[in-house]
Amino acid sequence: MTITPERQQPTFALPGEDSITHGEIGGFYRSNNNAVRAHLNATHATDRLSLSYSGAWSRADNYDAGDDFKDFSESGRAGHTLDLNEVGSTAYETRNHALDLAFKAGDNLFQGQLSYQDMPEQLYPNQRMDLLDNTQKLANLNWSRRFDWGEMEARVYHETVDHFMDFGDDKRFWYGALSNTVDPTVGVACSPIGFMVDGMMNTCAAGMPMYSESENSGLTLKADIDLNARQVLRVGTELQRYRLDDYWTASGGGMGPDTFLNINNGQRDRTALFAEVETRHDPRWTTLLGGRYERVQMDADAVHGYSALAGQAAESAAFNAQERKQTDDNVDLTALARYRYSEQLDIEMGLARKVRSPNLYERYTWSSWPMAATMNNFVGDGNGYVGDIDRNPETAYTLSATFDWHAADRRWSVSATPFYTHVDDYIDAIPTASWNDDAFNVLQYANQSARLYGIDLSLQLPLAENDWGQWGLKGVVNYTDGENRDTGDALYNIMPLNGRFTLTHRHNGWDNALEWVVVDEKDNLSDVRNEIPTAGYSLLNLRASHRWEQVRLDFGVENLFDRAYALPTGGTYIGQGKTMSINGIPWGIAVPGMGRSAYVGVNVTF
């Protein structure tokens, strides 16, 4: 569909009744990585005013795999090693706060939200750098009103994000000749800071600090117009202004003496108009026809590297000489039909055209120097990536259908959704000057042709109801195949055939489940990215919960038999060691999944 989902409506007291106050407080613990989480939600409301707060804090250490998955323990830091089953760079900590205010005045509803996120740490096992500070601030205002002819809504928002990355605790921090005086595999603290460009043999570098600052502002206007008893017209417009500065300050060695401007004043502005008509032709037939026009305007200022070394001067000059301003005119179309064949069968058929313009990193990253290119990786494969200003938008055409068999009261249901997607100008990757098997390489974004097809299956069946409670079965099966039609290569990061089957049980406030997860081997791989194959696996999870009037207790064990397995879409493991060097870390290790872990959580409502 071309319309964005509606916001969750605030809670108000009923007209003429006393004010209401309610909320929830809870905590959670997971044994494998000592993850803890606490949250609080509270609302106070009259029949016209509603005030809500939600807050959460969570942290975790590195998690352990079900078995050893690597043959090295070094982190590149003196005195710090990791166990052979420890998945480095998976620790995190985050704090979130949101304050919501809503006010009703006649038929008008006004809403405001302030949210704040502070993330001191988010380490990445499939990235060379870690997030070591992230601050997000969001202000959001919303107005809606119901008229005789329908409903209208307006929204404005402004968001800022300040983002800092460097090497986390499990990755080498000190680089340069002076840092290698004890052991070349371990970086020790050194001084003074020295730069290669100065001709100094005794170089010393303290990490690789990377900063990004962004602002995102927008406006949305939309209206639902009741044309008649059977038709609703939805129309609207969207405006968005996005700005990004991504820069890396000097730290020594090859990183300096200047600041590396990765993206300088990146701009991505969107202006959109959309409309759709939903028609209930009769009790059986409903159709939806929609369209969206969007203009995307992008630009970036001139850049420069740390120095002239490693081709930085030549590549930045070539980038600066190009026409960087780009404008895309994108058209999305949607046609959807729903048909109620009988009390036990619903059919839905859809055809859609969806266009996506490149993001700022796909267009405006400019350096093929491996150390810089590998820092512009957002897909977790360990390779380096370079943008291309002339990249075209992707255009995807999707045909899908859903067949939903169910009981009249929906006690049981079985559904199947096959789909086929053809993508023109799919943004994939091609090799640059040198490329090697079984290694990390520098790649460049390129437009090619792609296709995807697959099927999603789901079922829900009651099995029995007796003195022991209600027993049921739920299942989900997914299959997707993706191919680059220009090269015959498989598309990257496609999940293999997988299923999740759950035996459910309910009795006297208990809600329990025995869950079986099955995943096929992944051997249809993206060769250009040297994607890593993964073996098939199955996991067993036990879950239980009990609800009292105001208390809910959840507990269970995931990966009950402590199976060792690799995540098919988890990317390449580069969570420890000398990650600044493109091939200074072992290639060919997939990020493993979590080993056995018990968890418990408690939620109390008031």
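**Note on the predicted model: disulfide, cores and surface patch**

The structure contains 1 disulfide, a term used here for a pair of cysteine sulfur atoms within 2.5 Å. This is a predicted model, in which local features need pLDDT of at least 70 and side-chain atom pairs count only at pLDDT 80 or more, while totals for chains, interfaces and linings use all residues. Residues are numbered from 1 along each chain as its sequence is written, and side-chain values use heavy atoms, with hydrogens and water left out.

1. The disulfide. Cys 190 and Cys 204 are joined, with an S to S distance of 2.1 Å. The link is right-handed, with 90° about the S-S bond. Both cysteines sit in the loop between β12 (174–175) and β13 (205–206), 14 residues apart. Strands (E, at least two residues) and helices (H or I, at least four) are DSSP runs numbered from the N terminus. Cys 190 counts as buried because its relative accessibility is 11%, and Cys 204 counts as buried at 0%. Buried means under 20% relative accessible area, exposed over 50%, and partly exposed in between, with a 1.4 Å probe and protein chains only.

2. The largest core. The largest nonpolar core has 29 residues, and Met 208, Trp 248, Tyr 364 and Met 580 have the most contacts inside it. A nonpolar core is a set of buried Ala, Val, Leu, Ile, Met, Phe, Trp, Tyr and Cys residues joined through side-chain atoms within 4.5 Å. At least two residues of this core come from each of β15 (231–248), β16 (260–280), β17 (285–299), α2 (360–364) and α3 (370–373).

3. Met 208. Neighbours within four places in sequence aside, the contacts of Met 208 (heavy atoms within 4.5 Å) include Met 129, Met 165, Phe 167, Trp 248, Tyr 306, Met 371 and Met 580. Asp 166 and Ser 251 are also among them.

4. The second core. A separate core of 10 residues includes Tyr 63, Ala 65, Phe 69 and Phe 72.

5. The nonpolar patch. Leu 49, Leu 51, Leu 99, Leu 101, Phe 103, Phe 110 and Leu 114 make a nonpolar surface patch of about 610 Å². Such a patch takes residues with over 30% relative accessible area and no salt bridge, with nonpolar side chains (Val, Leu, Ile, Met, Phe, Trp, Tyr) joined within 5 Å. A salt bridge is a side-chain nitrogen of Lys or Arg within 4 Å of a carboxyl oxygen of Asp or Glu. Strand β8 gives the most to the patch, with 3 residues. Phe 103 lies in β8 and counts as partly exposed, at 33% relative accessibility.

How values were computed. Patches are made of residues with over 30% relative accessible area and no salt bridge: like charges are joined within 9 Å, nonpolar side chains (Val, Leu, Ile, Met, Phe, Trp, Tyr) within 5 Å. Accessible areas come from the Shrake-Rupley method with a 1.4 Å probe; for residues, only the protein chains shown count as cover.
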